[in-house]
Amino acid sequence: MVLAELGGTITNALKRMSNATIIDEKVINECLNGITRALLQSDVRLELVKNMQDNIKKILKNEELAAGHNKRKIIQQAVYSELCKIVDSGKPPVTPKKGKTSVIMFVGLQGSGKTTTCTKYAYYHQKKGWKPALVCADTFRAGAFDQLKQNATKAKIPFYGSYMESDPVKIAGEGVERFKKENCDLIIVDTSGRHKQEASLFEEMRQVSEITKPDLVIFVMDSSIGQAAYDQALAFKKSVSVGAVIITKMDGHAKGGGALSAVAATKSPVIFIGTGEHMDEFEVFDAKPFVSRLLGMGDLSGFMDKIHEVVPMEQQPELLQKLSEGTFTLRIMYEQFQNIQKMGPIGQVCFQDSILT
Ligand SMILES: Nc1nc2c(ncn2[C@@H]2O[C@H](COP(=O)(O)OP(=O)(O)OP(=O)(O)O)[C@@H](O)[C@H]2O)c(=O)[nH]1
């Protein structure tokens, strides 16, 4: 079940409960079972789902659902906050500071999208005025350096790598040293993909981490990984100190629930999601708006971000000035219609019927 469907199924289970004339234990259990089934079908780890169900039951017991209490609202709020707990580790990630050198190391399974995500991450920060640089410490996959070089050149980001050197630890150390001297404030180290059974590759990853002394290790995870996500994420966490997660390929038909379980394994927050192959198909991840959208409650902060994205910065003061003077020409209206069109289907960004009201 893909994430969009998961949201729909949970919302329907809640709506069915809302439609019942009397909310008794049977109705509540039916609702919780519906939610549990949907989460399991989306590959969310059984243990997490069970925990969530127990917690909701505890909340309901505490609230005692006394007469006069709005049972529906209590249950809906409990579902919302428990889902938030699954996707939010509660631990804020280390955030690099602009102007001060930070080394960020990317790790993950083969083909999870690390190389693509390294460039997206660099490009995202470059647009915000940072001075990023990319180091290719992936000597395992033929073509990895060419891929990084191509992406970096396109985005005009300095890069370091070698066709001759086969020792990733040496390349990583040299690359980081060089960009530190060049005063880059975000040095991103791409490492080769590995699987938890590959002990030697895990040792190599540990050595890369030792030499580069990263301020933050980001675990990149493909949203389609499924139930294997938890164990893989745990294996990475045991070898290097993973501090944040990026989930890729959220644009596809992946179930996504497995990748969300990685949050629990690494006890690290998801900071971005990848939504396509292109450099700018990359979004900041925030747990609460994500769950709101999942449950069809809309996302006001996402809506405002989208407005800021599509109305060019240089247009904003001029537009405000004209509006405050009471000038609203056909040209302004035309430009604003064009901006609104860029936001995509309004149903995706605007409020839908809220289940919490
Ligand atoms: N649709 C989609 N494709 C993505 C996304 N991120 C990466 N990809 C694609 O996934 C494939 C693998 O990406 P890479 O960046 O090469 O993966 P990698 O983890 O560096 O691979 P290894 O070095 O072998 O471990 C490429 O075809 C990317 O274009 C995403 O968010 N959405």
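1. α5, β7 and α11 (287-294) each supply at least two residues to the lining of the second largest pocket. Helices (H or I, at least four residues) and strands (E, at least two) are DSSP runs, numbered from the N terminus. A pocket, on a 1 Å grid over the protein atoms alone, is an open set of points with protein on both sides within 12 Å along at least five of seven lines, and a lining residue has an atom within 4 Å of a point.

2. This is a predicted model: local features need pLDDT of at least 70 and side-chain atom pairs count only at pLDDT 80 or more, while totals for chains, interfaces and linings use all residues. Residues are numbered from 1 along each chain as its sequence is written, and side-chain values use heavy atoms, with hydrogens and water left out.

3. The second largest pocket has a volume of about 390 Å³, a volume being the space filled by probe spheres set on grid points that are joined across faces, edges and corners. Its lining has 23 residues, and P93, T95, V270, I271 and F285 lie nearest the centre. By class, 16 of the lining residues are nonpolar, three polar and four charged. Here Ala, Val, Leu, Ile, Met, Phe, Trp, Tyr, Cys and Pro count as nonpolar, Asp, Glu, Lys and Arg as charged, and the others, Gly among them, as polar.

4. Eight strands form an open sheet with mixed pairing, in the order β3-β2-β4-β1-β5-β6-β7-β8. The edge strands, β3 (159-160) and β8 (282-284), each pair on one side only; two strands pair if DSSP finds at least two bridges between them. Strand β7 (residues 270-274) runs antiparallel to β8 and is joined to it by three bridges. The bridge partner of I273 is E283 in β8.

5. Helix α5 (residues 114-127) lies across β1, β2, β4, β5, β6, β7 and β8, at about 170° to β4. Helix α7 (residues 168-181) lies across β1, β2, β3 and β4, at about 165° to β2. Axes are lines fitted to C-alpha atoms, for helices over the stretch in contact, and angles run from 0 to 180 degrees between N-to-C directions. Contact means heavy atoms within 4.5 Å.

6. How many cavities of 30 Å³ or more are there? The count comes to two, a cavity being a set of points where a 1.4 Å probe fits but cannot get out. The second largest cavity has a volume of about 40 Å³. Residues lining the second largest cavity include L32, I35, V49 and M52. The elements giving two or more residues to this lining are α2 (25-41) and α3 (46-63).
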